[in-house]
Amino acid sequence: MMSRRTVLMAAALLVGGVTACSDLTGANGRADGVYYLQAVNNNGLPFSYVDNSTGHTLTVLSDQYVLNTDGTYSDQQSYTDNGAQRSYTESGNWSQSGTIVTFTPVFSSTNNITSYQATIGTSGYSSTKTMSVNFSGTVWYYST
């Protein structure tokens with residue numbers, strides 16, 4: 001018969017192992033962290049496209065989301081507009097339900113304060129967190 005100490009150690013190892021192997025879909029998976037843009041529509045950076053509303057060629061150079069543990073976030077993007085260097089900033093609040101993160105902007109340098117969502121996960125067997133945001137059919141891929 002196993003001693004009480006052995007049973008308690010086995011239970012602790014089991015709980016610890018399950019916690020260590022959990023991913024963002026688990027109850028303890030949190031989206032907070034710093035995410036860097038890796039690709040847009042599976043194309044690496046820099047990524048260029050034509051803005052339908054202005055006809056300008058925009059080239060995304062970098063983008064970084066910081067999701068703080070207090071439920072606030074900031075977004076800082078660097079891009080060119082017809083060759084002229086520009087930046088975009090946004091900040092607000094984020095909330096998480098499972099693998100879905102909802103962003104609610106409070107400030108936007110373009111005055112766009114429409115809420116939007118992202119999907120989070122992990123990359124393969126690593127602990128790298130991933131985030132994808134679908135902006136009107138254009139998917140932006142981020143990782144920590």
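Predicted model: local features only at pLDDT ≥ 70, side-chain atom pairs only at ≥ 80, totals over all residues.
Student: In what order do the elements of the chain run from the N terminus on?
Tutor: Helices (H or I, at least four residues) and strands (E, at least two) are DSSP runs, numbered from the N terminus. There are one helix and ten strands in the chain. From the N terminus on, the order is α-β-β-β-β-β-β-β-β-β-β.

Student: What percentage of the 144 residues is buried?
Tutor: Buried means under 20% relative accessible area, exposed over 50%, and partly exposed in between (1.4 Å probe, protein chains only). For the 144 residues in this chain, the buried part comes to 30%.

Student: Which residues touch the most other members of the largest nonpolar core?
Tutor: A nonpolar core is a set of buried Ala, Val, Leu, Ile, Met, Phe, Trp, Tyr and Cys residues joined through side-chain atoms within 4.5 Å. The largest one here has 19 residues, and those touching the most other members are Tyr 35, Tyr 65, Leu 67, Phe 103, Met 131 and Tyr 142.

Student: And which strands each supply at least two residues of this core?
Tutor: In soluble globular proteins, nonpolar side chains tend to be buried together. In this core, the strands that each give at least two residues are β1 (33-40), β4 (57-67), β7 (100-108), β8 (116-122), β9 (129-135) and β10 (138-143).

Student: What does Phe 103 touch, not counting residues up to four places away in sequence?
Tutor: Contact means heavy atoms within 4.5 Å. With those neighbours set aside, Phe 103 touches Tyr 65, Leu 67, Tyr 73, Asn 93, Trp 94, Ser 115, Tyr 116, Ala 118 and Met 131.

Student: Is Ala 31 buried or exposed?
Tutor: Ala 31 sits in the loop between α1 (4-20) and β1. Leaving aside neighbours within four places in sequence, Ala 31 is in contact with Leu 67, Trp 94, Gln 96, Val 101, Ile 120 and Lys 129. At 0% relative accessibility, Ala 31 counts as buried.

Student: Which side chains meet in a salt bridge?
Tutor: A salt bridge is a side-chain nitrogen of Lys or Arg within 4 Å of a carboxyl oxygen of Asp or Glu, and searching the whole structure turns up one. At 3.0 Å, N to O, the pair is Arg 30 and Asp 32.

Student: Which side chain makes a polar contact with the side chain of Gln 85?
Tutor: Gln 85 lies in strand β6 (residues 84-97) and is partly exposed at 48% relative accessibility. A polar contact is a pair of N or O atoms within 3.5 Å; within protein, one must be able to donate a hydrogen and the other to accept it, and residues adjacent in sequence count only if both atoms are side-chain atoms. At 2.7 Å, the partner of Gln 85 is the side chain of Ser 78.

Student: Which lining residues lie nearest the centre of the largest pocket?
Tutor: On a 1 Å grid over the protein atoms alone, a pocket is an open set of points where a 1.4 Å probe fits, with protein on both sides within 12 Å along at least five of seven lines, and lining residues have an atom within 4 Å of a point. Grid points are joined across faces, edges and corners, and the volume is the space filled by probe spheres set on the points; for the largest pocket that is about 810 Å³. β3 (47-50), β4, β5 (72-81), β6 and β10 each supply at least two lining residues. Of the 27 residues in the lining, the ones nearest the centre are Tyr 49, Gln 77, Asn 112, Phe 135 and Trp 140.

Student: Which peptide bond is cis?
Tutor: Look at the loop between β2 (43-44) and β3, where Pro 46 lies. With omega near -5 degrees, the cis bond runs from Leu 45 to Pro 46.

Note on methods. Residues numbered from 1 in each chain as written. Heavy atoms only, no water.
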